[in-house]
Amino acid sequence: MHSGPCPRWANTAGTLRGTVTDPSRAVLPGATVTLANETTKFTRETVTDDRGGFFFATVDPGDYRLTVTLAGFKTYAAAPLPIRARQGGPALTANFPASAP
């Protein structure tokens with residue numbers, strides 16, 4: 001039986017959460033949100049919930065590009081978006097305009 005100290009593993013990941021809205025600030029459920037690391041090009045994707053919210057957990061530190069797409073709207077992109085170690089991450093509102101008819 002080992003009674004010594006337990007190792008503590010360093011948490012080097014950050015997080016990113018946000019809400020996708022239109023210009024009138026109405027939330028947009030069902031939008032595709034893509035997070036791409038600018039250096040490694042590794043991407044992750046999620047879809048906004050019924051309140052327009054999205055969340056990326058365990059994001060490696062680095063600079064990212066965030067892209068939001070939804071039918072009937074122009075693509076929204078933000079970069080560079082820095083994510084740092086053990087950071088709660090920026091709270092982001094992706095407010096993007098409707099596309100032209």
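Mentor: Start with exposure. Buried means under 20% relative accessible area, exposed over 50%, and partly exposed in between (1.4 Å probe, protein chains only). This is a predicted model: local features need pLDDT of at least 70, side-chain atom pairs count only at pLDDT 80 or more, and totals for chains, interfaces and linings use all residues. Side-chain values use heavy atoms, without hydrogens and water, and residues are numbered from 1 along each chain as its sequence is written.

Trainee: Why is E38 called partly exposed?

Mentor: E38 has a relative accessible area of 31%.

Trainee: What makes E38 and R65 a salt bridge?

Mentor: The term needs a side-chain nitrogen of Lys or Arg within 4 Å of a carboxyl oxygen of Asp or Glu. In E38 and R65, the closest N and O atoms are 3.8 Å apart. The pair therefore qualifies. E38 sits in the loop between β2 (32-37) and β3 (43-47), and R65 in strand β5 (residues 62-69), so the bridge ties together parts 27 residues apart in sequence. Strands are DSSP runs (E, at least two residues), numbered from the N terminus.

Trainee: How do you know that D63 and R84 form a salt bridge?

Mentor: Their N to O distance is 3.3 Å. That is within 4 Å, so the pair counts. D63 lies in strand β5 and R84 in the loop between β6 (76-83) and β7 (91-95), so parts 21 residues apart in sequence are tied together.

Trainee: Why is R51 called exposed?

Mentor: R51 has 60% relative accessibility. That is over 50%, so R51 is exposed. Its salt bridge partner is D49, at 3.8 Å, N to O.

Methods: Helices (H or I, at least four residues) and strands (E, at least two) are DSSP runs, numbered from the N terminus.
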